[in-house]
Amino acid sequence: MSESFVCLKNLTLAYGDTIAVSHLSLNIHKGELITLLGPSGCGKTTTMRAIAGLLSPRSGTIEIDGNDVTKVPANKRGVGLVFQSYALFPHLSAFENVAFGLRLRKVSNIEIKIRVEQSLDTVELGEFANRKPSELSGGQQQRLSLARSLVLEPKVMLLDEPLSNLDARLRLDMRSELQRLQRSSGITMVFVTHDQGEALALADRVVLMKDGVIEQMGTPAELYNRPSTVFAADFIGFENIFEVREGALIGSDGSKIRGYNAPSGYLAWRPGGVSLGSGPFRGTVGGVSFAGEVWEYVITSPLGRITASTPAGNTPYPIGTTVGFDLLEQHGHRIKGAD
Amino acid sequence: MGKWTSFLVIGLTLTFLIGPFFIIITAGLSAGENLAFPPEGLSLKWYLAVFKVESFRESFALSMFLAVFGTLTALVLGVPAAYALSRYRLPLAETVKTIVAAPIIVPGIIVGLGLLRYLVIPLDFTVSLALFMAHTALVIPYAVRVVAASLENLRSDMEEAAILLGCTRLGAFIKVVLPNIRGGVLAAFILGFVTSFNQVPVSLFLSGPGVRTLPIDMLAYMEITYDPSVAALSALLAIMSVGIIFLAEKFLGFSRYV
């Protein structure tokens, strides 16, 4: 691994008396695309705002490219930010939106023209230079916002849920567009999102946050296959998580449901890991829905709520029927430390 | 029959609202020497006579000065206040809003008497200064409210975006906030101008010998001379107000802000 480019050391962030992030340390490498993932209120946006300089840390330091920038104001930090709402300037044309930062830097008019046009072309907005933001579609506004930051060649690019206001198809297009831009420019990117699919698809490394601390950090594959905590497992799609204690499987109400031969700790199953049809457990089909490849079930059982799936070729179990199911240890993911 | 009833109601309402205006305009067109309706003959002489009255010219200039500079001063004070109230969570924000709105709610007579008794007399202000301060104070509520309304529609992350692109906080306000609330500021100016220009009760208390605003001067003139020139002047002023509002509506969509 190359040395770290953005370095957050023991960062504590607060709004008034509310601590939003506590003692967070994170190293980001040059040219890396990192996603900060987590539910709302986990501190991911706050962390991003601190890197941008919009929020001063209560304690800790922020280094970018070897310099301590903790005290450097936001307008001198050389960090780009794409806002969730894009925050374009409505009174300026697309061209002038992109030129805004260059004009502040007293760049000559000729150079501004060249650089703005080039950067509008990069995001395929060349022909819309004279349009106002309100005359652009959501996806175009998004790309304009990106171009406005990229034209200044920031050391770090921060993106705050930039895809959440787009419709599903556009989101996929923009996702690959972002990846292409990041790979070709080699810019260091921090991408904030609450969408685990987006985080896993985009990132070199995913930082999962919860309640102001890092819950787990790793490559998308590591996080997807080996979540290290119950929260991480749940967030990443292990929908059935149960505790094993004293050789028994514990139901969601805390009572021992059934003897289970496994070491104490937690076991987690994705819906596909639950074998439906027969087995030592019984439950009632509470809901069934068609999801293309599979039927998805919600089953009520003494263990608690179980989600399971069966191949779409099979005839589905109707709602209300009692089915047997098994939770096989070899399909489960073990989580050691109980929280 | 419902249709005719509504025509009748609308007709009566319009008569009630526009009737006096019509009477004033025609009374000013009189060829006679006394203020009367219907006018005694028709002529434009009173409309022309208005411009020859020295005190009207002086008080018009004073009213104009107060309306323009009082409103500008109110905006210089009111725009930052509106900005602070809409952008920051201030501990006494509600109290400040109430106090700022007070000159709208409290009757002008009380404001005028209060200013006179507790500010102008004890501090020995000149009449012009007292009038200027009073007109500024009276317009501030409009400045704050109208500008605040257009700030509400402006997302604050736009300023943060400007800062991250290299602006200072003040630079972001000037380059990004102001251009986007320009309509609101202009609307506040027009509203403030009209309010100040037509203000009577406060000016009545604060006017002094030789220093009067136009409405007060017209009152004083009528006590001595009962000729149609006051009607002619009123008509001219009404037309001016209507013209300003009409232009504002046409170019600004004024009614969006007020």
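Strand β1 (residues 4-15) of chain A is joined to β2(A) by eight bridges, and the two run antiparallel; strands are DSSP runs of E with at least two residues, helices are DSSP runs of H or I with at least four residues, and both are numbered from the N terminus. Within this pairing, A:L8 has A:L26 of β2(A) as its bridge partner. This is a predicted model, in which local features need pLDDT of at least 70 and side-chain atom pairs count only at pLDDT 80 or more, while totals for chains, interfaces and linings use all residues. Residues are numbered from 1 along each chain as its sequence is written, and chains are lettered from A and ligands numbered from 1 in the order in which they are written.

The two strands belong to an open sheet of four strands in chain A with the order β2-β1-β4-β5 and antiparallel pairing, where two strands pair if DSSP finds at least two bridges between them. The edges are held by β2 (18-29) and β5 (67-68) of chain A, each of which has a single partner strand, so one side of each is left without a neighbour in the sheet. Helix α1 (residues 44-52) of chain A lies across β1, β2 and β4 (59-64) of chain A and runs at about 115° to β1(A); axes are lines fitted to C-alpha atoms, for helices over the stretch in contact, and angles run from 0 to 180 degrees between N-to-C directions.

Strand β12 (residues 248-250) of chain A pairs with β13(A) in the antiparallel sense over three bridges, and A:A248 stands opposite A:G259 in β13(A).

Strands β17 (residues 294-301) and β18 (residues 304-311) of chain A pair in the antiparallel sense over eight bridges. A hairpin joins β17(A) to β18(A) through two residues, and the bridge partner of A:V298 in β18(A) is A:T307.

## Domains of chain A

The domain assignment, which is automatic or taken from a database, divides chain A into domain 1 (4-233) and domain 2 (239-335). The C-alpha centres of these two domains of chain A lie 39 Å apart. Their contact takes four residues from domain 1 of chain A and five residues from domain 2 of chain A, where residues are in contact if their C-beta atoms, placed from the backbone, lie within 7 Å.

## Helix packing in chain B

In chain B, the axes of helix α3 (residues 54-87) and helix α9 (residues 182-197) come within 9 Å and cross at roughly 140°. Residues making the contact include B:S63, B:L66 and B:G70 of α3(B) and B:V185, B:F189 and B:G192 of α9(B). By class, the contact of α3(B) with α9(B) has 11 nonpolar, five polar and no charged residues; Ala, Val, Leu, Ile, Met, Phe, Trp, Tyr, Cys and Pro count as nonpolar, Asp, Glu, Lys and Arg as charged, and the others, Gly among them, as polar.

Methods. Two residues are in contact if their C-beta atoms, placed from the backbone, lie within 7 Å.
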